[in-house]
Amino acid sequence: KSRSRSRRKSAKDDSGSEEDMSLEAKVALLEVENETLKAENKELRKKLVEALRKGGGGGGGGGASDRRRGREPEKKEDNEPRHRRSDRSEKEKEEEPAEPEIASDTNAVLLCNAQMEAYNEPIPNNIPPEKRLPLVAEKLKRFMANFDEKVQILDLKSGGAIIKDRNMFIKRYTCVFRESGSKLLGSCTKRFYYDATNRPTYCIDYETHESLVTAMPGTPPDGKLGCRDPRTEYLIVMYEEKGGKITRMWLKQDTDKLGIDPYASEDILAASDAFKQFEAKLKELKNGNAGERIFHNYHDIPSIG
């Protein structure tokens with residue numbers, strides 16, 4: 001009910017601006033809102049299924065069908081003491097094999113490159129909404145294809161969720177793509193890649209984001225209550241790929257700006273406190289062994305022209 005009230009309130013607040021918009025702009029705006037509602041519905045369906053499972057609603061058996069046919073299901077006698085049944089049930093749970101990782105023909109590098117290519121598709125923010133919003137929706141669709149249904153963005157230091165679910169993720173990047181304009185540019189200048197077979201793969205990327213516009217701090221991520229001025233962000237991001245999608249991202253500010261320093265070699269980066277924090281997190285995720293790493297310094301790639 002509170003969600004419905006908030007939507008009605010939002011609709012009232014936005015009614016004045018929507019009256020000035022053309023029909024095409026309203027349709028385009030609805031398409032963006034539709035993507036958000038789809039994400040919300042998926043989350044609600046998952047919660048409903050989990051609730052049914054916990055309540056026994058998803059269990060099998062013929063008891064209900066037997067009663068509909070006019071007879072009670074036969075009850076098997078079980079003389080086994082209750083505490084023994086409980087012990088046996090717990091033992092069976094412990095012996096259940098762990099769910100295997102889904103094999104994938106992609107990895108963190110390919111997904112990071114693909115999402116950055118979509119991120120960098122230019123969309124002018126000085127064109128009418130009826131032209132701009134459909135472009136935002138299409139770009140967002142290509143961008144989101146690289147991310148898992150349960151994607152999260154986490155703060156490296158605290159472990160807290162910056163973006164807690166796909167719904168909030170969509171709202172944030174709808175704002176970024178709608179408001180940042182054609183000068184929005186993300187680039188990865190240095191990368192550590194950790195490969196694996198039938199297990200998650202990881203990238204630690206040193207990124208620069210130019211002309212980035214996001215919602216004001218402390219306000220909803222969709223930017224409806226105001227946006228910050230365009231800025232340049234220097235970030236270190238660790239991406240986790242699992243089952244062919246990016247599942248989680250850990251962020252930290254690149255305060256030393258080692259990512260944009262062409263002379264910052266692998267040894268210099270590996271000796272920094274920031275990298276040590278990321279590698280410690282990686283060891284935690286991989287049971288104490290970060291594994292072999294592959295380093296790329298994209299400053300070393302000669303440009304043509």
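A salt bridge here is a side-chain nitrogen of Lys or Arg within 4 Å of a carboxyl oxygen of Asp or Glu.

First, the ground rules. This is a predicted model, where local features need pLDDT of at least 70, side-chain atom pairs count only at pLDDT 80 or more, and totals for chains, interfaces and linings use all residues. Residues are numbered from 1 along each chain as its sequence is written, and side-chain values use heavy atoms, with hydrogens and water left out.

Now the salt bridges. How many are there by this rule? The count comes to nine. Let's start with Arg293. Arg293 forms a salt bridge with Glu279, with the closest N and O atoms 3.5 Å apart. This pair links distant parts of the chain: Arg293 is in strand β7, Glu279 is in helix α9 (residues 273-285), and they are 14 residues apart. A word on those labels: helices (H or I, at least four residues) and strands (E, at least two) are DSSP runs, numbered from the N terminus.

Arg293 has another partner. The side chains of Glu266 and Arg293 meet in a salt bridge, at 3.2 Å from N to O. Again, distant parts of the chain are linked: Glu266 sits in helix α8 (residues 266-270), Arg293 in strand β7 (residues 293-297), 27 residues apart.

Buried or exposed? For that we need cut-offs. Buried means under 20% relative accessible area, exposed means over 50%, and partly exposed is in between (1.4 Å probe, protein chains only). Glu279 has a relative accessible area of 17%, so Glu279 is buried. Glu266 counts as partly exposed because its relative accessibility is 26%. Arg293, at 28%, also counts as partly exposed.

Glu284 forms a salt bridge with Lys281, the closest N and O atoms being 3.2 Å apart. Both lie in helix α9, three residues apart, about one turn of the helix. Glu284 is exposed, at 55%. Lys281 counts as buried, at 19%.

Arg132 is found in helix α6 (residues 129-144). Contact means heavy atoms within 4.5 Å. Leaving aside neighbours within four places in sequence, Arg132 is in contact with Ile123, Pro124, Asn125, Ile127, Arg178 and Glu179.

On to the strands. Two strands pair if DSSP finds at least two bridges between them. Strand β4 (residues 201-212) and β5 pair in the antiparallel sense over ten bridges. There, His209 stands opposite Glu233 in β5. β5 and strand β6 (residues 245-253) also pair in the antiparallel sense, over eight bridges. Lys242 stands opposite Lys245 in β6. The hairpin of β5 and β6 has two residues between the strands, and Gly243 takes a positive phi near 65°. Why is β5 (residues 231-242) largely enclosed by the rest of the structure? Because nine of its twelve residues are buried.

Last stop: Leu29. Leu29 lies in helix α2 (residues 23-54). At 26% relative accessibility, Leu29 counts as partly exposed. Leu29 and Pro129 are 100 residues apart in sequence, and 8.1 Å apart in space, C-alpha to C-alpha. Thanks, everyone.
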